[in-house]
Amino acid sequence: MNDVIRLALDLDGVLTEHPRILAHAANETFGLTLPLHAFVDSAGCNVPLEIRRWVYGPDGPARRLRPAPKGRRFVEAARAALGAENVLILTARPQEARATTEEWLREHGFPACAIRFADDKVAVAHALGVSHAVEDSVRHATAYAAAGIRCLLLTTDPKPEGESPLIERVPDLAAAWERLLGAPDEEEEVESGPIRYRIVISDVIDPAARARLAREAELIDVDGQDVAALTAALRDADALIVRSETQVTREVLAAGPSLRVVARAGTGVDNIDVQGATEAGILVLNAPGANAVSAGEHTIALLLALTRQIPDANAAVHAGRWERKRFKPFDLQGKTIGIVGLGRVGSVVAQRLRAFETRLIGYDPYIARERFQQLGVEPVPYERLLAEADVVTFHVPATSETINMLDADAIARMKPGAIVLNCARGEVVDQEALAEALRTGRVAAAGVDVFPDEPAYTSPLFGLPNVILTPHIGGSSREALAAVGEMISTTTLAALRGEAVPNAVNLPPASLQGPELQRLTRVASAAGRLLSVLRSARPERLEVIVQGAVPLDVTERVTAAALAEALRRWTDRRVTPVNARLVARDLGLDVHIVTGNADPALVPEFAFEVDGDDPHRVTVRWDRNEAGIMEIDRFSLERPLAGDLLITRHWDRPGVVGRVGTILGRYNVNIAGMQVGRHERGGQAIMVLNVDDIIPEAALAEIVTIPGIESAYVVSLPSAVPESGDANGWGAARAAR
Ligand SMILES: NC(=O)C1=CN([C@@H]2O[C@H](COP(=O)(O)OP(=O)(O)OC[C@H]3O[C@@H](n4cnc5c(N)ncnc54)[C@H](O)[C@@H]3O)[C@@H](O)[C@H]2O)C=CC1
Ligand SMILES: O=C(O)CCC(=O)C(=O)O
């Protein structure tokens with residue numbers, strides 16, 4: 001550890017893969033013949049401006065660059081060892097590339113870092129007191145060395161005669177790290193791949209899903225039954241993937257301070273404390289429907305095995321016994337089948353059983369009559385189903401209503417000699433009561449795939465001749481495992497990246513597509529951040545005033561995103577959009593959604609307003625495609641807010657703006673853009689400056705002494721992706737007179 005090191009890291013070729021593909025892409029798209037090194041050491045400084053802008057623009061090839069192996073770990077380790085304020089990314093990319101560059105870094109899991117854009121890197125490095133740089137460009141390395149800045153140059157080329165001793169050639173980032181800070185601790189070992197997340201997997205999942213996850217994450221396998229091992233593995237995990245055997249209790253959740261996602265590779269989430277996860281701000285995902293065909297077919301398989309007596313007949317023949325008279329199979333045709341729970345699996349069962357010319361009756365108070373009709377199932381009360389069905393099959397989740405839904409009383413009301421099937425959850429059927437009924441013949445036979453305690457090594461059902469038992473394999477067909485694996489692996493990674501996913505259990509479903517929703521919630525979280533910088537003390541009430549026709553679910557997501565980001569400054573608690581409302585309630589912060597003019601012709605707007613001694617209001621406008629912060633404290637802005645900003649509230653007097661510029665100039669802070677607003681000449685006004693450089697505390701302190709300045713704020717927008725849980729490095733400071 002050395003506190004005098006202030007490190008400037010190049011981006012392209014150091015934190016990204018080799019950028020030669022950029023020239024290749026530009027040549028392909030524009031029919032040019034740029035040399036392949038055109039973007040290598042000068043970020044295309046000699047390339048026509050519009051092509052350079054395209055390369056680094058939102059749709060350009062720079063967005064598709066892969067991160068360099070070890071890049072993220074290097075930045076994390078450097079920030080940890082040197083202090084976040086001493087690590088800076090200094091790139092020759094054009095200033096306009098800021099938004100897409102920041103987005104790329106975020107998407108690839110880099111911690112938020114100060115970034116500067118300049119081809120004259122040395123000038124910026126000097127101004128910021130940089131002592132060391134990591135580069136892949138000989139040109140920049142030579143310039144750094146000439147300015148007395150020690151440079152680690154990533155290259156395998158040998159050092160030529162006469163090269164400055166301040167340039168040290170190293171083959172990769174691991175070697176650069178060693179030169180900079182000595183050999184890494186084992187703990188800090190830089191890993192050998194572009195690994196971004198740590199995902200604990202506690203049950204067997206599909207190999208293709210594992211491969212997909214492993215492309216972006218380190219996978220830690222652990223036995224979910226071994227709670228000590230599980231909690232130890234969760235210590236620095238970002239996500240946990242389970243099937244049905246791992247009990248994700250509050251204790252387990254508490255073991256993962258960085259845990260952001262718990263994914264259930266299956267449907268039922270009864271083994272996860274969803275309320276506990278919600279309170280902790282952890283997103284719970286599942287894979288609804290992905291194994292429904294499998295569970296439905298398994299149910300039919302158990303039923304046919306029972307009615308045709310296949311297990312016993314098979315065993316007899318294998319044993320050399322030809323007992324044709326002993327077996328009395330019967331047909332399903334004409335029998336009444338009672339389906340309890342007509343969701344995804346229940347529907348699959350109904351559809352298949354129609355082909356057997358059975359009469360189908362069903363009980364499910366939560367689905368529409370039309371669904372029964374579509375499926376050819378007659379809706380009946382539970383009592384009638386029990387009384388009339390020759391076969392009763394359960395397809396309900398385990399809830400307080402369904403636990404022991406089939407107990408001794410219910411069995412007593414069943415048609416004598418009926419068959420019971422349970423491929424849902426063990427708790428739904430009282431096993432003792434069922435075993436007793438099977439012994440007496442009150443229930444003729446049963447097929448059971450699920451048990452109250454799994455793995456089940458004992459059960460009153462074991463050894464009974466008229467029951468077929470399987471070890472919870474209803475959802476385990478090859479196809480189901482592949483479908484579940486695909487859904488869970490893609491959405492776990494997406495959720496870790498902060499993207500909206502369709503299979504969240506503890507976030508309300510949203511009617512917007514994932515990317516559209518994400519664009520909007522990202523800006524909403526930026527608005528929340530700005531609000532919390534303007535109003536640093538936690539308010540008692542936050543109003544979200546919505547104009548235009550906005551579905552309630554979208555408003556809820558927008559509110560959660562803004563609130564989570566604001567609460568990160570208003571409380572020390574861990575807040576994400578999942579628990580933002582709960583945390584606000586706990587803290588006594590009243591969050592109120594006010595629906596204004598819902599005219600669909602209006603461009604939708606969300607105004608986040610806090611009242612009291614220090615009232616503020618930040619407004620996001622959303623044209624249903626792009627969203628941006630377009631108003632602060634009722635001052636309209638011409639352009640949406642983004643980037644590193646200085647915001648002042650002042651009186652509209654000659655000289656105020658100029659004096660701010662003078663002070664910033666004195667501190668070597670370059671102004672990249674300016675917006676001003678006022679309601680009337682000489683009245684209250686606002687100024688928003690986009691700056692290229694860090695504004696020192698001292699500069700901010702001087703700015704607030706300018707006569708006419710009421711308050712000044714420094715903030716970086718947009719904020720980190722809401723779900724990332726990492727607000728580090730997004731500097732925000734406030735000074736008020
Ligand atoms: N054995 C296995 O490997 C598998 C088991 N399952 C289990 O099967 C069950 C059903 O799964 P899905 O159909 O995918 O779920 P689903 O959510 O699509 O359907 C469940 C249905 O149960 C109904 N329901 C809820 N409470 C009820 C009540 N008190 N009375 C009657 N109906 C009620 C709901 O309205 C819903 O229609 C779940 O417990 C699930 O975990 C699912 C897949 C594989
Ligand atoms: O495959 C599993 O983990 C169990 C399947 C299941 O029970 C479910 O999806 O709810």
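Residues are numbered from 1 along each chain as its sequence is written, while chains are lettered from A and ligands numbered from 1 in the order in which they are written. Since the model is predicted, local features need pLDDT of at least 70 and side-chain atom pairs count only at pLDDT 80 or more, whereas totals for chains, interfaces and linings use all residues.

The protein contains 24 helices and 29 strands, where helices (H or I, at least four residues) and strands (E, at least two) are DSSP runs numbered from the N terminus. Its C-alpha trace spans about 100 × 65 × 50 Å along the principal axes. Of the 737 residues, 47% are buried; a residue is buried if 20 or more other C-beta atoms lie within 10 Å of its own, exposed if 12 or fewer, and partly exposed in between, with C-beta atoms placed from the backbone. Two residues are in contact if their C-beta atoms, placed from the backbone, lie within 7 Å, and among the contacts with a separation of 6 or more, 65% join residues 24 or more positions apart.

Confidence is expressed as pLDDT, the predictor's confidence in each residue, from 0 to 100. The protein has a mean pLDDT of 90, and 95% of its residues reach 70 or more. Over residues 184-194, however, pLDDT stays under 50, and the model has 19 contacts beyond four places in sequence for this stretch. Residues 719-737 also have pLDDT below 50, with 65 contacts in the model beyond near neighbours in sequence. For the complex, the predictor gives an ipTM of 0.99 and a pTM of 0.72.

The chain is divided into domain 1 (7-188), domain 2 (197-290 + 480-496), domain 3 (292-469), domain 4 (513-639) and domain 5 (643-717), with bounds that come from an automatic or database domain assignment. Taken over C-alpha atoms, the centres of domain 2 and domain 5 are separated by 47 Å.

In soluble globular proteins, nonpolar side chains tend to be buried together. A nonpolar core is here a set of buried Ala, Val, Leu, Ile, Met, Phe, Trp, Tyr and Cys residues joined through C-beta atoms within 7 Å. The largest such core has 111 residues, and those with the most contacts inside it are Ala239, Leu240, Ile241, Val262, Ile282, Ala527 and Leu530. Leaving aside neighbours within four places in sequence, Val262 is in contact with Leu240, Val248, Ile272, Ala277, Ile282 and Val284. A second, separate core of 59 residues includes Leu15, Leu22, Ala38 and Phe74. Helix H2 (residues 49-56) has Ile51, Arg52, Trp54, Val55 and Tyr56 as its buried residues, and what covers them includes helix H1 (20-30) and helix H4 (98-107).

The ligand shells are described through residues whose C-beta atom, placed from the backbone, lies within 6 Å of the molecule. Around ligand 1 there are 32 residues, of which Gly268, Gly343, Tyr366, Gly474 and Gly475 come nearest. Because domain 2 and domain 3 both give residues to this shell, ligand 1 lies between them. Helix H12 (292-307) and helix H14 (344-354) each supply at least two residues of the shell around ligand 1, and the largest share, three residues, comes from H14. By class, the shell around ligand 1 has 15 nonpolar, twelve polar and five charged residues, where Ala, Val, Leu, Ile, Met, Phe, Trp, Tyr, Cys and Pro count as nonpolar, Asp, Glu, Lys and Arg as charged, and the others, Gly among them, as polar. Ligand 2 is surrounded by Arg243, Ser244, Gly266, Thr267, Gly268, Asn291, His472, Gly475 and Ser476, a shell with no nonpolar, eight polar and one charged residues.

Ala510 lies between helix H19 (478-496) and helix H20 (514-534), and it is buried because 21 other C-beta atoms lie within 10 Å. Leaving aside neighbours within four places in sequence, Ala510 is in contact with Ala500, Leu517, Asp553, Val554 and Arg557. The peptide bond from Glu454 to Pro455 is cis, with omega near -5 degrees, and Pro455 has its place in the loop between strand E17 (443-448) and strand E18 (467-469). Gln309, a residue other than glycine, has a positive phi near 55 degrees, and this glutamine lies in the loop between H12 and helix H13 (310-318).
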